[in-house]
Amino acid sequence: GVMEFRHKGDPADIPAGFRPWFEVSGRRSTSHTLLFGHWSALGYRSGPGYVALDSGCLWGRCLTALRLEDRCVFDVPCQGGGD
């Protein structure tokens with residue numbers, strides 16, 4: 001029942017005993033689809049009840065948008081580099 005906010009990297013490297021919030025079984029929001037960002041290491045991904053939209057534009061990857069009507073995904077290359 002404790003959240004860990006310091007980890008910013010890949011979910012494969014999450015500290016022992018923790019998991020991404022969207023993988024927690026029995027979370028109350030499972031009946032809705034949540035769209036979120038601010039975890040660029042995930043890249044774009046979607047699963048049951050969630051869509052992660054942060055695809056790292058700040059780091060020179062791309063900006064991702066989702067058209068809600070048909071869930072069509074659009075990517076636009078970015079010029080960045082984290083400077």
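Ser55 sits in the loop between β3 (50-52) and β4; strands are DSSP runs of E of at least two residues, numbered from the N terminus. The model is predicted: local features need pLDDT of at least 70, side-chain atom pairs count only at pLDDT 80 or more, and totals for chains, interfaces and linings use all residues. Residues are numbered from 1 along each chain as its sequence is written, and side-chain values use heavy atoms, with hydrogens and water left out.

Ser55 counts as buried because its relative accessibility is 8% (buried, under 20% relative accessible area; exposed, over 50%; partly exposed in between; 1.4 Å probe, protein chains only). A polar atom of the Ser55 side chain lies 2.7 Å from the backbone oxygen of Cys62. Beyond its neighbours within four places in sequence, Ser55 is in contact (heavy atoms within 4.5 Å) with residues including Gly43, Tyr44, Cys62 and Thr64.

Cys62 and Thr64 belong to strand β4 (residues 62-67). Together with Leu66, they form its covered face. Leu63, Ala65 and Arg67 make up the uncovered face. In a regular strand, side chains alternate between the two faces of the sheet.

Strand β4 runs antiparallel to β5 (residues 72-77), joined by 6 bridges; pairing requires at least two DSSP bridges between two strands. Thr64 has Asp75 as its bridge partner in β5. The hairpin has 4 residues between the strands, and Arg71 takes a positive phi near 60 degrees.

Lys8 lies in the segment before β1 (34-36). Lys8 counts as exposed, because its relative accessibility is 60%. Its side chain reaches the backbone oxygen of Phe5 at 3.1 Å. Leaving aside neighbours within four places in sequence, Lys8 contacts Trp39 and Ala41.

Conventions: A polar contact is a pair of N or O atoms within 3.5 Å; within protein, one must be able to donate a hydrogen and the other to accept it, and residues adjacent in sequence count only if both atoms are side-chain atoms.
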